[in-house]
Amino acid sequence: MNSAGGMGLLGISAMEERVYRHFLRNPDTPTEDIHLLLHTPQDDVRAALERLTELGLLRRADHGNAPAGSLTATDPEIAVGLLTDRRLSELHHELQQVTRPRHLVAELRAEQGAHTPSGGGVERMTNLAQIRNRIDDLAFFAREEILSVEPYKALTPENIEHARPLDKRCLRRGVRIRSVVLKEALDDPPTASYLRELSAQGASIRAASDIAERILVYDRHTALVPADPADTSRGALVAQESGLVASILSLFDKIWSQATDLSHLLDDPAPDAIALSPMELEVLKSMCRVTKDEIGARQLGISLRTYRRHVADVLRHLNASNRPHAALLARERGWI
């Protein structure tokens, strides 16, 4: 952002401003995995953190409850003052154009309070991008449990690649995940494969044949539901009011109790139990290494027809929709 309404005028890049605003919304954030939440290369985020710390806009959290290595944002009044003074000293010839932007303090203070828990209430969100960002925030900072009812019929590769890092991070940190999906979703190979993957990593997945509800609950105190169940494009309601959240939890428990565990619906072996033959494993490695079947067949000393038959067998064993999907699954299981 380089407009007069943002921090670009004060010598802050768009990435640095984005990181600073994140810490205003989420004080004491550990820096280890923040790039996952921002969907930004880790080196870019690290560079922004270093410069913001050097400028005094971020500082090490010094109170007893802060996680080790976490940072907190300098108060907007102080931050804007530091940046303004720095800019004025560097640009004497533009002194009349660079004034202390008090409106920016108000804007940053508003954002500082945007994600501050209020202890209750319901917020309506209509911007789909903001809803997705809020969901990412809640998943990133979940500490105990994530509950969901999602009646999708299939996940796109983009959906899966977006969700995988946050889901894996939650499970790695010991956050419980319980999810109910449509049985119909299990007919889509990439979706079924991803659900198996989550289950193998510790998530509890169940399926039901007739769910229409859409529910997300984080740590049993924040719930998201559609503003209009018949038209999800009309936005979402974010609830922290205890009575409403309790009702949503009761609905989830009812749906969960009537759903069937994933392991009872999938008859084929779990992904990690699938074994490839030595030749199939070599073909799998070749698929990830070369772009043409002719080259792979020649390198392995087999006919093109045999090579392609092995490729088809590998895709079937992995339940992969295409070659890139097969390569991704194989890397995650440590096969290549």
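Visitor: In which sense do strand E8 and strand E9 pair, and over how many bridges?
Guide: In this predicted model, local features need pLDDT of at least 70 and side-chain atom pairs count only at pLDDT 80 or more, while totals for chains, interfaces and linings use all residues. Residues are numbered from 1 along each chain as its sequence is written, and side-chain values use heavy atoms, with hydrogens and water left out. Helices (H or I, at least four residues) and strands (E, at least two) are DSSP runs numbered from the N terminus, and two strands pair if DSSP finds at least two bridges between them. Strand E8 covers residues 215-218 and strand E9 residues 222-226, and their pairing is antiparallel, over 3 bridges.

Visitor: Which residue in the turn between E8 and E9 has a positive phi?
Guide: E8 and E9 form a hairpin, with 3 residues between them. The turn residue with a positive phi, of about 55°, is Asp219.

Visitor: Which residue stands opposite Leu216 in E8?
Guide: E8 is also joined to E5, by 4 bridges, and these two strands run antiparallel. Ile215 and Val217 point one way from E8, whereas Leu216 and Tyr218 point the other way, and all are buried (under 20% relative accessible area, where exposed means over 50% and partly exposed lies in between, with a 1.4 Å probe and protein chains only). The residue opposite Leu216 is Ser148.

Visitor: Which strands stand at the edges of the sheet?
Guide: The sheet is open and of mixed pairing, with 8 strands in the order E4-E10-E9-E8-E5-E6-E7-E11. Each edge strand has a single partner strand, so one side of each is left without a neighbour in the sheet. The edge strands are E4 (122-125) and E11 (260-261).

Visitor: At about what angle to E6 does helix H9 run?
Guide: Helix H9 (residues 242-258) lies across the strands E4, E5, E6, E7, E8, E9, E10 and E11. Axes are lines fitted to C-alpha atoms, for helices over the stretch in contact (heavy atoms within 4.5 Å), and angles run from 0 to 180 degrees between N-to-C directions. The angle between H9 and E6 is about 65°.

Visitor: How far apart in sequence are the parts that Glu145 and Arg178 tie together?
Guide: The side chains of Glu145 and Arg178 meet in a salt bridge (a side-chain nitrogen of Lys or Arg within 4 Å of a carboxyl oxygen of Asp or Glu), at 3.6 Å from N to O. Glu145 lies in strand E5 and Arg178 in strand E6, and both residues are buried. The pair therefore ties together parts whose separation in sequence is 33 residues.

Visitor: How many disulfides does the structure hold?
Guide: A disulfide is a covalent bond between the sulfur atoms of two cysteines, and here a pair of cysteine sulfur atoms must lie within 2.5 Å to count. Cys170 is buried at 2% relative accessibility, whereas Cys288, at 28%, is partly exposed. The number of disulfides is 0.
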